[in-house]
Amino acid sequence: MKAKIIITPKKAVVDPQGKTVQVALEQMGYQGVIGVHVGKYIEIDLAPGTDQAAAQRALNDAAHRFLSNPIIEDYKLEIE
Amino acid sequence: MNFAVLQFPASNCDQDAIHAVRLLGHSARYVWHKEHSLGDAEAVIVPGGFSYGDYLRCGAIARFSPVMQAVKQFADNGGLVLGVCNGFQVLTEAGLLPGALVRNRDLQFHCEHIFLKAATVDSPFTSKIPSGKLLRVPIAHGEGCYFADEETLAKLKANNQILWQYCDASGNLTDTSNPNGSLLNIAGVCNERRNVAGLMPHPERACEPLLGSDDGRWIFESIFAALKNKPIARAA
């Protein structure tokens with residue numbers, strides 16, 4: 001079982017990395033790019049037999065308290 | 001006065017903090033991040049560095065170190081806590097200070113001297129800064145851009161919690177004098193109770209003319225004065 005967490009900067013936070021990547025894409029000739037946001041991807045391997053609902057709750061808690069900073073980031077959690 | 005200077009794996013400004021406090025005539029000792037007690041410390045410095053390699057986010061892992069329980073307790077009891085650079089990051093991650101520090105807007109690591117204006121002298125960290133005096137202090141950081149949402153910024157202003165702002169040599173809060181993009185040129189803030197403060201610049205590296213400036217002394221002198229005058233909040 002694997003948990004996948006995608007962490008992205010909140011829109012209100014200036015994202016110079018995203019902006020830099022956007023400019024680079026444009027300069028490389030890619031057209032139609034109107035925004036780029038650079039975030040983080042975390043994969044967590046869970047022991048086989050882990051209760052998925054319990055894992056969801058625990059990892060939401062971990063994502064909110066630790067893996068992301070809710071002041072500056074949003075996260076999406078998926079368990080498969 | 002006894003100062004406790006925390007040490008996390010990869011803190012690297014702990015020695016400078018110890019040196020500065022001792023240079024100014026007070027005592028300081030290291031407290032390793034795994035310790036559960038601050039001993040008889042009367043004030044705590046959370047020093048600069050790259051604790052835990054800045055992995056995940058700066059200060060995100062250090063904030064869960066065992067010693068931070070003691071620091072939280074100490075702060076809840078009114079004890080004075082000063083976070084410098086990575087220490088500021090640890091304190092915001094720990095929720096002991098509002099807001100967050102993100103990557104510098106130009107994506108560059110800034111290692112230079114800046115000017116700081118004390119936005120208020122109404123705090124144990126700024127009370128001794130002479131009126132109108134600008135502090136020349138070095139910065140050395142890649143993630144020092146202060147961010148807080150509109151509501152938090154409004155509260156900081158209303159409560160006079162902004163302690164230091166980046167300014168030019170004439171004391172103007174300009175965009176060019178802002179090295180990292182911090183909102184409102186914020187270099188440092190305190191909590192509502194005014195006993196916990198953090199700043200990105202390094203006052204502990206500006207206590208001797210040999211290092212280019214001794215303006216950092218004013219911040220330490222403010223803390224010494226506060227400790228002298230208040231009933232001591234003993235660490236647990």
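# Close-up views of a predicted two-chain model

**View 1. A140(B) and its contacts.** Leaving out residues up to four places away in sequence, A140(B) touches C111(B) and H202(B). This is a predicted model. A140(B) sits in strand β7 of chain B. Is A140(B) buried, exposed or partly exposed? A140(B) counts as partly exposed, because it has 17 C-beta neighbours inside 10 Å, and a residue needs 20 or more to be buried. M200(B) is 60 residues away from A140(B) along the chain, yet their C-alpha atoms are separated by 8.2 Å.

**View 2. The nine-stranded sheet of chain B.** Nine strands form an open sheet in chain B. Their order is β2-β1-β3-β4-β11-β10-β9-β6-β7. The pairing is mixed. Which strands lie at the edges? They are β2 (27-32) and β7 (134-141) of chain B, and each pairs on one side only. On average, neighbouring strands of this sheet are turned by 25° against each other, direction ignored. A140(B), from the previous view, belongs to β7 of chain B, one of the edge strands.

**View 3. A parallel pair inside that sheet.** Strands of a sheet pair through backbone hydrogen bonds, either parallel or antiparallel. Strand β1 (residues 2-7) of chain B and strand β3 (residues 43-46) of chain B pair in the parallel sense. Three bridges link the two strands. Look for V5(B), which stands opposite I45(B) in β3(B).

**View 4. A helix across the sheet of chain B.** Helix α2 of chain B covers residues 67-76. The helix lies across β1, β2, β3, β4 (80-84) and β11 (196-199) of chain B. Helix α2 of chain B runs at about 130° to β4(B).

**View 5. The largest nonpolar core.** How many residues make up the largest nonpolar core? The core holds 79 residues. Those that touch the most other members are V5(B), V44(B), V81(B), V84(B), L116(B), L163(B) and I223(B). Take V44(B) and leave aside its neighbours within four places in sequence. V44(B) is then in contact with A4(B), L6(B), L38(B), V71(B), F74(B), G79(B) and V81(B). Another core, of seven residues, lies apart from the largest one. Its members include I5(A), L59(A), A63(A) and L67(A).

**View 6. Q165(B), a buried residue in a strand.** Q165(B) is found in strand β9 (residues 162-167) of chain B. Why does Q165(B) count as buried? There are 22 other C-beta atoms within 10 Å of Q165(B), and the cut-off for a buried residue is 20 or more. Q165(B) touches L116(B), K117(B), A119(B), L173(B), L184(B), N185(B), I186(B) and A187(B), again not counting residues up to four places away in sequence. A100(B) is 65 residues from Q165(B) in sequence. In space, the two are 16 Å apart, C-alpha to C-alpha.

**View 7. Chain A as a whole.** Chain A has two helices and three strands. Along the sequence, they follow the pattern β-α-β-α-β. Why is chain A described as more spread out than a compact globule? Its radius of gyration is 16 Å, well over the 12 Å that the globule rule gives for 80 residues. The C-alpha atoms of chain A fill a box of roughly 50 × 25 × 15 Å, taken along the principal axes. Of the 80 residues of chain A, 15% count as buried. Now take the contacts in chain A with a separation of 6 or more. Residues 24 or more positions apart account for 65% of them.

**View 8. The three-stranded sheet of chain A.** Three strands of chain A form an open sheet in the order β2-β1-β3. The pairing is antiparallel. The edge strands are β2 (40-45) and β3 (73-79) of chain A, and each pairs on one side only. Neighbouring strands are turned by 15° against each other on average, direction ignored. Strand β1 (residues 2-9) of chain A pairs with β3(A) over seven bridges. In this pair, I6(A) stands opposite K76(A) in β3(A). Helix α2 (residues 52-67) of chain A lies across β1, β2 and β3 of chain A. This helix runs at about 160° to β3(A).

**View 9. The contact between chains A and B.** Ten residues from chain A and 13 residues from chain B take part in the contact. Which element gives the largest share of the chain A side? Helix α1 (residues 16-27) of chain A does, with three residues. The chain A side divides into seven nonpolar residues, three polar and no charged.

Methods:
Residues numbered from 1 in each chain as written. Chains lettered and ligands numbered in written order. Predicted model: local features only at pLDDT ≥ 70, side-chain atom pairs only at ≥ 80, totals over all residues. Pairing = 2+ DSSP bridges. Helix = DSSP H or I, 4+ residues; strand = E, 2+ residues; numbered from the N terminus. Axes fitted to C-alpha atoms, helices over the stretch in contact; angles between N-to-C directions. Contact = placed C-beta atoms within 7 Å. Nonpolar A, V, L, I, M, F, W, Y, C, P; charged D, E, K, R; others polar. Core = buried A, V, L, I, M, F, W, Y, C linked by C-beta atoms within 7 Å. Buried ≥ 20, exposed ≤ 12 C-beta atoms within 10 Å, placed from the backbone. Rg over C-alpha atoms; globule rule 2.2 N^0.38 Å.
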